[in-house]
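Please look over the sequence and the structure shown here before reading the briefing that goes with them.

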Amino acid sequence: MVATYSRPSPVFTQGEGSWIWDIEDRKYLDFTAGIAVNALGHCDPQIADIVAKQAKTLVHASNLYYNPWTGALSKLLIEKTLESGAMHEASAVFVCNSGSEANEAAIKFARKAGKVVDPSGDKYEVVSFHNAFHGRTMGSLSATHNPKYQKPFSPMVPGFKVGTYNDVEGINDLVTEKTCGVIVEPIQGEGGVQVASEEFLVALAKRCREVGAVLIYDEIQSGLSRTGSLWAHGNLPKEAHPDILTTAKALGNGFPIGAVLVTKNVSDKIMVGDHGTTFGGNPMACRIAHHIVTRLSDAQLQKDVLSKSQVFIERFKKLQAKYPELITEIRGKGLILGVQLTKDPSPIIKAARERGLLVITAGTNTLRFLPSLTVTEEEIQHGLNILEEAIASVEN
């Protein structure tokens, strides 16, 4: 294997719900959910049944032809999005295989829209923000202004600008007549669970309308009910809704799939042959995703996400009171939460893993919590007991 990953020692072989087992049959409580992927838990029985049935029906036929499930998934995504009060002009969907591919498509769609609006070719710049993470392909990487990711592969794709997240005052100078698209995460996941302010997103959307730029919301990590609503931007006024919305991760609960939702104004500018994908929209992935979107858009599940979030936050506050010099801030919404530490969290993560709990980092010295949305309150309390033990073992 190419050495692109630095991994701890456990080799995982089995999962069920919020739990995962290693090759030595040791059991771990998983507060990472495969980095916000396993929203319905590991090895959900209903999903397993769908995989088995579809594997005996049709797995792949390519985008040379229609299949029943790509259209069904696209229709459902639009319907559920509109019902949720988010992206009120959502009209059409492009289905692909991953988050990076979804963002790559979104950037291409923005570039194409810029060419249609301004045939001179001057409207080509793409704006993103410090601490963002949009993917590893060259386009999405060019929008990820982090030297750690970009430097080994520079030069980047030309035409990408970077601004400061939540800086309302800087928007007008950042987004100009040359801007074809702006890509932003309503909650920066990899960047440390940083939440965009409503004022910032409203002002950003307003400026995009003024200059005719496409507004892209990257909800690959924060979407599909992780914040307690179908989309993280669902609480925003309509004028702040995006022209393009990208999703992946939880959409397949572990099976590779991504999707790009667009308004009619964008889809009208995309012609046959402008973009494509061999595997994207295959009937296996789309049938699985159709089932998952149906379940994740359930109102009771979303309500439960918010109540479970409070369980986490209350315990985090108690930990902060106990370790005020270690824990400085608690951030996030729903079940995408970050606990800001004053030092490297790696020893705590290791101590937690040794005790049977999986947690991960984000940003600079941030502990990130992304459990399955189906995690129980009992499991939350059990996991946070382990976390408290791990912190105590490191601090004392």
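The points below cover helix packing, a pocket and some backbone details.

The structure is a predicted model. Helix α13 (residues 377-395) packs against helix α12 (residues 346-354), and helix α11 (residues 299-322) also packs with α13.

**Packing of α12 with α13**

- The angle between α12 and α13 is about 125°, and their axes lie 8 Å apart; the two helices are therefore oblique to each other.
- Where α12 passes α13, the crossing is right-handed.
- On the α12 side the contact is made by Pro-347, Ile-348, Ala-351 and Ala-352, while α13 contributes Ile-386, Leu-387, Ala-390, Ile-391, Ser-393 and Val-394.
- By residue class, this contact of α12 with α13 comprises 9 nonpolar residues and 1 polar residue, with no charged residue taking part.

**Packing of α11 with α13**

- Helix α11 and α13 pack at an angle of about 20°, with a separation of 10 Å between their axes, and that angle makes α11 roughly parallel to α13.
- The crossing of α11 and α13 is right-handed.
- From α11, the residues Lys-308, Val-311, Phe-312, Arg-315, Phe-316, Leu-319 and Lys-322 meet Glu-377, Ile-380, Gln-381, Leu-384, Asn-385, Leu-387, Glu-388 and Ile-391 of α13.
- The contact of α11 with α13 divides into 8 nonpolar, 2 polar and 5 charged residues.
- Leu-387 and Ile-391 of α13 belong to the contact with α12, and Leu-387 and Ile-391 also belong to the contact with α11.

**The second largest pocket**

- The lining of the second largest pocket consists of 15 residues, and those lying nearest its centre are Asn-63, Tyr-65, Tyr-66, Thr-70 and Phe-94.
- Helix α3 (68-84) and strand β4 (90-96) each supply at least two residues of the lining of this pocket.
- Sorted by class, the residues of the lining are 5 nonpolar and 10 polar, and none of them is charged.

**Backbone details**

- Ser-154 and Pro-155 are joined by a cis peptide bond, for which omega is about 5°, and Pro-155 is found in the loop between α6 (147-150) and β6 (160-163).
- Ile-35, which lies in helix α1 (residues 33-36), has a phi near 65°, a positive value in a residue other than glycine.

Key: Residues numbered from 1 in each chain as written. Predicted model: local features only at pLDDT ≥ 70, side-chain atom pairs only at ≥ 80, totals over all residues. Heavy atoms only, no water. Axes fitted to C-alpha atoms, helices over the stretch in contact; angles between N-to-C directions. Helix = DSSP H or I, 4+ residues; strand = E, 2+ residues; numbered from the N terminus. Parallel < 35°, antiparallel > 145°, perpendicular 65-115°, else oblique. Left-handed = near helix turned anticlockwise from the far one by under 90°. Contact = heavy atoms within 4.5 Å. Nonpolar A, V, L, I, M, F, W, Y, C, P; charged D, E, K, R; others polar. 1 Å grid on protein atoms, 1.4 Å probe; cavity = no way out; pocket = protein on both sides within 12 Å on 5 of 7 lines; lining within 4 Å.
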